[in-house]
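I opened this notebook to record what I looked up in the structure. My entries follow in the order in which I made them.

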Amino acid sequence: MANPIRIEYRNVTKRFVSGTGTNITAVEEVSLAIADGEVVSLIGPSGCGKSTLLNMGSGLYAPTDGDVLVDGVRVSGPNRHVAFMLQKDLLLPWRTIRQNVELGAEIQGIDASERRRQALALLERFHLRGFEDHYPHQLSGGMRQRAALARTLAIEPLVLLLDEPFSALDAQTKMVLQADLARTLATERKTTLFITHDLTEGVVLSDRVLVMSRRPGRIVEEIQIDLPDRADTFARRQHPRIIEYTRELTNLLDIGHQALQ
Amino acid sequence: MNTPALGRGVVMASVGLLMAFLAIWQWVPAMLNVPSFILPPPTKVWSETVRMLGTEKLLLHTGITTLEVVVGFVLGSLLGLVVGCILGVSPKTELVLSPYILALQIAPKVAFAPLFVMWLGYTVYPKILVAILIVFFPVMVNMLTAIRTVDPDLVNLARSFSASRWQIFRMVEYPMSMAPLFSGLRIAATLAVIGVVVGEMVGGNKGLGYLLVFGEGQGNTAMVFVTIIMLTLIGIAAYWLVVWAERRVLHYLPRAQHTMV
């Protein structure tokens with residue numbers, strides 16, 4: 001096969017026991033597979049278990065039923081091939097930006113000069129050159145989120161799990177960061193699962209969009225985005241069919257909603 | 001330590017307030033016919049200070065009390081820090097030890113002073129022991145709650161980089177707890193003085209606590225005033241030392257988050 005599957009969910013179900021003792025099914029029978037270099041977005045109503053899927057992908061908790069596989073190997077705990085990024089930048093306030101980017105490499109015991117070289121290269125790429133010795137509170141929200149993205153890429157993961165990474169940013173900063181991300185994902189051929197509420201963001205950044213239902217979350221639809229310029233978000237945004245896709249998604253989200261009423 | 005722009009006005013206001021306070025203390029009680037053996041005016045407190053420096057070895061007693069405060073504060077804080085960390089990372093240990101910790105926390109620590117004097121005699125040790133006991137709790141409790149309330153997403157971030165339990169503690173939980181730790185140390189610095197004074201009042205013939213009891217026996221109000229002022233000065237010095245250390249350790253926080261009191 002030309003394009004190996006990098007991350008796969010096989011019939012994954014996750015149940016929690018809530019504070020009141022009742023069982024809550026967060027996600028139910030979810031199966032999806034993402035091939036090498038593919039970017040897949042996941043959209044759905046709030047509380048539909050998108051973040052639960054992401055946490056299982058990064059090995060932070062185990063599925064109740066089913067398996068998650070990364071590069072064909074069952075995920076049994078956190079592993080080096082997967083890195084995640086959240087809406088919160090999670091930068092450590094006592095570390096400089098460079099030290100924050102180095103966090104993963106430092107935990108994994110990579111040589112200090114090597115991780116420094118790598119961190120500086122990433123900061124250069126994300127337009128943070130000159131800020132490497134600043135502390136997080138000295139940077140704007142967009143710059144902090146860029147630093148978080150650099151930290152995520154610094155461990156050279158096979159798979160990126162991004163949970164609404166840009167949803168707290170203003171519209172313009174968001175577009176710039178989306179462009180940076182899209183270019184990086186294309187040049188590095190990173191396999192990515194991208195969770196978002198923003199339908200246009202999903203269409204602009206992805207090869208495929210998956211639609212989830214309300215809780216218990218199931219994947220109710222899959223849309224292939226047949227548009228050029230995945231590496232160039234500004235070019236892709238100009239494409240007239242963007243509107244068609246977002247309209248289709250808007251309708252689908254209503255269907256997903258009604259299916260459970 | 002204020003910002004230069006504020007400096008002049010703030011200093012003027014401080015000095016003005018002090019002058020007004022001393023003037024009221026000097027003349028208002030006399031106008032209201034309060035006898036000076038009940039409320040000695042500042043001039044009398046000053047002359048008593050000079051007398052005590054000569055005939056009562058005021059500096060020696062102050063030095064001994066200071067030494068006890070410093071040793072008690074340092075040992076009590078270290079103990080609180082270590083125990084707080086252990087209980088913070090191990091909820092099971094906390095559960096097992098909680099009844100004892102709670103009992104010891106609720107028991108008025110100064111009530112132990114006579115017991116310690118009976119055990120250890122008229123030495124510096126019972127005073128230091130009371131200080132350790134009274135300093136221990138705010139430090140321990142602040143450290144414990146700080147570790148427990150670290151953002152779980154930060155811990156998950158470290159876990160996703162395959163961090164060990166020790167790495168999570170060393171690189172995330174412990175540094176994240178520094179700000180609450182210093183709030184505890186500020187409280188502890190003032191409590192240490194209380195612990196030492198109570199110990200000195202109960203037994204022995206050295207230290208400012210002893211001078212308090214001696215002055216009371218003599219019916220010398222001015223002497224008690226001088227002693228209280230010296231104790232306050234020790235407390236202020238200890239507190240400022242903690243604030244100074246806090247600024248150095250938490251240098252990465254924005255300026256506005258640092259306070260003097």
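**Entry 1: the model.** I note at the outset that this is a predicted model.

**Entry 2: extent of the contact.** I looked up which residues take part where chain A meets chain B. The contact involves 23 residues from chain A and 20 residues from chain B. I recorded a buried area of about 2,100 Å² between the two chains, with 69% of it given by carbon and sulfur atoms. On the side of chain A, Leu60(A), Trp94(A) and Ile107(A) supply 32% of the area that this chain buries against chain B, more than any other three residues.

**Entry 3: polar links across the interface.** I found two salt bridges between chain A and chain B. One of them joins the side chains of Lys88(A) and Asp153(B), at 2.8 Å from N to O. I also noted six residue pairs in polar contact across this interface.

**Entry 4: the side of chain A.** I then asked which elements of chain A each supply at least two residues to the side that touches chain B. They are β6 (82–85) and α3 (103–107). Of the elements, α3(A) gives the most, with four residues. By class, I listed 13 nonpolar, five polar and five charged residues on this side.

**Entry 5: the largest pocket.** I read a volume of about 440 Å³ for the largest pocket. Its lining has 20 residues, and those closest to the centre are Phe73(B), Val74(B), Leu185(B), Leu241(B) and Val242(B). In chain B, α3 (58–89), α9 (178–202) and α11 (221–249) each give two or more residues to the lining. The largest share, eight residues, comes from α3(B). I classed the lining as 18 nonpolar, two polar and no charged residues.

Methods: Residues numbered from 1 in each chain as written. Chains lettered and ligands numbered in written order. Predicted model: local features only at pLDDT ≥ 70, side-chain atom pairs only at ≥ 80, totals over all residues. Heavy atoms only, no water. 1 Å grid on protein atoms, 1.4 Å probe; cavity = no way out; pocket = protein on both sides within 12 Å on 5 of 7 lines; lining within 4 Å. Points joined across faces, edges and corners; volume = space filled by probe spheres on them. Nonpolar A, V, L, I, M, F, W, Y, C, P; charged D, E, K, R; others polar. Contact = heavy atoms within 4.5 Å. Buried area = accessible area lost by both parts, 1.4 Å probe. Salt bridge = Lys/Arg side-chain N within 4 Å of Asp/Glu carboxyl O. Polar contact = N/O pair within 3.5 Å; in protein donor to acceptor, adjacent residues only side chain to side chain.
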